Amino acid sequence: KQGEMNDLYQMLIEKAPKLASIINKKAALTERMNEYAVKSVDLVTTHARQVEDLNTAHVRRMVAMNVEHARRVEAMSAKHAREHEALDAQRLKTERELKSITSGEGG
């Protein structure tokens, strides 16, 4: 029985460097995986920030475009109304002239 124990201890002593090496490699891998996880979180955070900035810029551009469009529509409407008033005034003037010509002939 003592011989078996000695063999077991001998085997453990022989295998210890290999076991230590495996444990060290696993620890190094775990450390690298943690570094990658941190980098991944940083990348995702950076990407989210960039998307948010792009969305904000896009919304600002759309608002600016809508404001400019509304201003142009308003200006066109005002111009259209002025043209309409001018045409109405011209029509009334022409009608008065016609009336004066026809009433002048009749009298």
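The model is predicted, so local features need pLDDT of at least 70 and side-chain atom pairs count only at pLDDT 80 or more, while totals for chains, interfaces and linings use all residues. Residues are numbered from 1 along each chain as its sequence is written, and side-chain values use heavy atoms, with hydrogens and water left out. The chain has one helix and zero strands. Helices (H or I, at least four residues) and strands (E, at least two) are DSSP runs, numbered from the N terminus.

**Overall form**

- Helix 1 covers residues 2–106.
- The radius of gyration of the chain is 45 Å, whereas a compact globule of 107 residues would have one near 13 Å. This radius is taken over C-alpha atoms, and the globule rule is 2.2 Å times the number of residues to the power 0.38.
- Along the principal axes, the C-alpha atoms fill a box of roughly 150 × 20 × 10 Å.

**Distances along the chain**

- Gln10 and Ala81 are 71 residues apart along the chain, and their C-alpha atoms are separated by 106 Å. Gln10 is in helix 1 and is partly exposed, with a relative accessible area of 41%.
- Between the C-alpha atoms of Thr30 and Glu95 there are 96 Å, with the two residues 65 apart along the chain. Thr30 belongs to helix 1 and counts as partly exposed at 35% relative accessibility.
- Thr102 and Met65 lie 55 Å apart, C-alpha to C-alpha, and 37 residues apart in sequence. Thr102, also a residue of helix 1, is partly exposed with a relative accessible area of 48%.

**Surface**

- Buried residues make up 0% of the 107 residues in the chain. Buried means under 20% relative accessible area, exposed over 50%, and partly exposed in between (1.4 Å probe, protein chains only).
- The accessible surface of the chain comes to about 10100 Å², and 63% of this belongs to carbon and sulfur atoms. Accessible areas come from the Shrake-Rupley method with a 1.4 Å probe, and for residues only the protein chains shown count as cover.
- A nonpolar patch on the surface is formed by Met5, Leu8, Tyr9, Met11, Leu12 and Ile13, which together have about 600 Å² of accessible area. Patches are made of residues with over 30% relative accessible area and no salt bridge; like charges are joined within 9 Å, and nonpolar side chains (Val, Leu, Ile, Met, Phe, Trp, Tyr) within 5 Å.
- Leu8, one of the residues in this patch, lies in helix 1 and is partly exposed at 42% relative accessibility.

**Charges**

- There are 18 positive and 16 negative side chains in the chain, and the centres of the two sets lie 4 Å apart. Lys and Arg count as positive and Asp and Glu as negative, while His and the chain ends are not counted.
- The place of a charge is taken as NZ of Lys, CZ of Arg, CG of Asp or CD of Glu.

**Salt bridges**

- Side chains of opposite charge can pair when their charged atoms come close.
- A search of the whole structure finds four salt bridges. A salt bridge is a side-chain nitrogen of Lys or Arg within 4 Å of a carboxyl oxygen of Asp or Glu.
- Glu68 and Arg71 form one of them, with 2.6 Å from N to O. The two residues are three apart in helix 1, about one turn of the helix. Glu68 is partly exposed at a relative accessible area of 28%, and Arg71 is partly exposed at 47%.
- Glu68 and Arg71 are also linked with Arg72 in a network of salt bridges.
- Arg91 takes part in a salt bridge with Asp88 (3.8 Å, N to O) and in another with Glu95 (3.1 Å, N to O).
- Asp88 is three residues from Arg91 in helix 1, a separation of about one helical turn. Glu95 is four residues from Arg91 in helix 1, again about one helical turn.
- Arg91 counts as partly exposed at 42% relative accessibility. Asp88 is partly exposed at 31%, and Glu95 is partly exposed at 37%.
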